[in-house]
Amino acid sequence: MRKLATGLALALLLPVLTGCWDRLEIEERAVVLAIAIDVADSEEVDRFSSVERTARKYGNDTPLPEGKTVRLTAQIAVPGRIPLGPGGGGGTGGGGGGGEGESPVWVLESLGHTIDEAVQTLQQEVADRLFFGHLRVIVVSEEYARRGTGNLNDFLRRNPEVRRLAWLVVSKEHAHEYMKTAPQLERVPALYLLSTMDHAVEMGKYPMEPIGSFWIKMSSLGQEAILPYLEIQNKDNVKLSGMAYFKGEKMIGSTDTLEIGLYMGLAGEEQGGYSSFVHIPDSDETAMFRVSNRRSSTRAVLRNGRPAIEIQVDLEGNITEASDQAEGNIDTPADLARIREELSSRFSERYERFIALMQEEHSDIFGYGEYVRAHLPSYWNRRVKSKEGWQRAFEDLDVSVKATFDIRRVGQKAQ
């Protein structure tokens with residue numbers, strides 16, 4: 001019995017002794033912080049593609065993707081140069097980053113017929129294994145997004161290292177330009193892009209919709225996807241210029257900056273962040289109203305055998321600015337009541353016009369098809385049936401919006 005107990009104890013200890021058999025030191029990984037995807041010239045890709053050369057050499061009849069060539073630009077962290085403390089400076093011995101003038105990232109480019117081929121080509125140029133566990137931002141050019149993001153989505157969704165909280169954004173310019181920007185507030189371009197989106201969410205400038213939300217909407221039968229639409233200003237500054245909206249996997253257009261606020265109001269995003277001019281009744285003056293909080297409710301009903309959407313949007317905010325001539329017209333509750341009525345009428349119309357614009361594009365970025373599918377299942381199963389069916393039906397959907405405003409504060413001014 002003693003020998004049996006000893007053998008059993010040793011057998012139980014064996015799995016513990018193998019705990020580090022598959023370890024991989026962090027210094028042996030090439031940490032990819034951001035990638036950019038552009039459309040590449042097909043002839044250039046054929047010249048550098050190892051798959052193409054092998055196919056010609058051995059007469060392989062495996063068909064290659066037509067018209068799907070990509071240029072991948074990767075931003076790889078350089079060990080010892082990433083700033084760890086305030087200022088990001090310091091020498092090489094204190095763990096605070098590299099020396100002055102040394103770039104904390106290494107930018108490399110590769111070509112391929114697909115994303116995976118471009119990644120494998122890039123791996124041939126890097127000694128350490130590429131690691132995507134810290135990938136925070138993926139930038140795709142508008143040209144690539146309009147061509148279709150299916151290949152990129154497939155590659156990223158199959159890779160277990162990619163976080164669903166990473167940001168996927170569309171760039172007005174070539175995407176690789178974002179890998180080489182040098183913003184003054186951050187030494188690492190990828191971290192600056194990440195901060196741009198995270199702070200936009202905090203300030204109510206954009207909804208919290210990272211790449212995981214994008215994939216969910218792509219898979220939904222009654223909703224289309226959106227992505228942040230960025231633009232470079234003065235070479236090194238990045239501006240959130242609007243939203244890129246999709247039909248299926250292809251981008252079909254973009255909104256203005258202030259239309260992000262309209263979308264967030266219809267979507268019920270609580271944090272407000274946009275301002276609008278408001279006309280002061282009985283005058284030719286204006287004031288500035290800033291939304292601080294939003295609430296919305298959406299209801300799907302059946303009218304005369306057809307679906308309809310009823311939306312209630314409640315907004316709270318403050319008067320943040322008024323001209324000297326207008327100050328006397330915003331002092332009393334009656335004045336504020338008239339301003340609320342003017343805001344309600346104007347924004348109800350704006351919301352409906354924005355929805356009508358998306359209906360012309362057959363792009364239901366609001367998810368009203370999901371409301372119909374959930375609350376009117378018989379109609380959906382009988383008349384719609386699929387995502388393509390809803391893209392056609394969305395154009396004729398009857399939508400009504402009622403917006404209400406609550407002015408919480410008008411501010412104080414010292415005399």
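The model described here is a predicted one.

Strands β10 and β11 run antiparallel and are joined by 5 bridges. Opposite Val278 stands Ala287 in β11.

Phe277 belongs to strand β10. Is this residue, Phe277, buried or exposed? Phe277 counts as exposed because its relative accessibility is 51%, and the exposed class begins over 50%.

Leaving aside residues up to four places away in sequence, Phe277 touches Thr286, Ala287, Met288 and Arg346. Phe277 and Ala322 are 45 residues apart in sequence, while their C-alpha atoms are 9.5 Å apart in space.

## The second largest pocket

The second largest pocket has a volume of about 380 Å³. Its lining consists of 17 residues, and those nearest the centre are Leu258, Glu259, Leu262, Phe347 and Arg350. Two or more lining residues are given by each of α9 (258–267), β10 (275–279), β11 (286–303) and α10 (333–360).

Which element provides the largest share of the lining of this pocket? Helix α10 does, with 6 residues. By residue class, the lining divides into 10 nonpolar, 3 polar and 4 charged.

Strand β8 (residues 237–247) is mostly covered, with 8 of its 11 residues buried. Strand β8 runs antiparallel to strand β7 (residues 226–233), to which 8 bridges join it. Within this pairing, Leu230 has Leu240 in β8 as its bridge partner. A hairpin is formed by β7 and β8, with 3 residues between them, and Asn234 in the turn has a positive phi of about 55 degrees.

Strand β8 is also joined by 4 bridges to strand β9 (residues 250–254), again in an antiparallel arrangement. Here the bridge partner of Tyr245 is Gly253 in β9. The hairpin of β8 and β9 has 2 residues between the strands, and Gly248 takes a positive phi near 70 degrees.

Why is α4 described as largely enclosed by the rest of the structure? Helix α4 is so described because 7 of its 9 residues are buried. The buried residues are Ile115, Glu117, Ala118, Val119, Thr121, Leu122 and Gln123. Gln124 is in the loop between α4 (115–123) and β4 (129–131). Whereas Gln123 is buried, Gln124 is exposed, with a relative accessible area of 70%. The C-alpha atoms of Gln124 and Ser110 are separated by 9.9 Å, the two residues being 14 residues apart along the chain.

In helix α6 (residues 150–158) lies Asn153. Asn153 counts as buried because its relative accessibility is 7%, and the buried class is under 20%. Its contacts, not counting residues up to four places away in sequence, are with Leu168, Phe214, Trp215 and Met218.

## Positive phi in two loops

Asn304 is placed in the loop between β11 and β12. Its phi is near 50 degrees, a positive value in a residue other than glycine. Asn304 counts as exposed, at 82% relative accessibility.

Lys385 is found in the loop between α12 (377–384) and α13 (387–393). Although not a glycine, Lys385 has a positive phi of about 75 degrees. Lys385 is exposed, with a relative accessible area of 59%.

Note on methods
Residues numbered from 1 in each chain as written. Predicted model: local features only at pLDDT ≥ 70, side-chain atom pairs only at ≥ 80, totals over all residues. Heavy atoms only, no water. 1 Å grid on protein atoms, 1.4 Å probe; cavity = no way out; pocket = protein on both sides within 12 Å on 5 of 7 lines; lining within 4 Å. Points joined across faces, edges and corners; volume = space filled by probe spheres on them. Nonpolar A, V, L, I, M, F, W, Y, C, P; charged D, E, K, R; others polar. Buried < 20%, exposed > 50% of the residue type's maximum accessible area, 1.4 Å probe, protein only. Pairing = 2+ DSSP bridges. Contact = heavy atoms within 4.5 Å.
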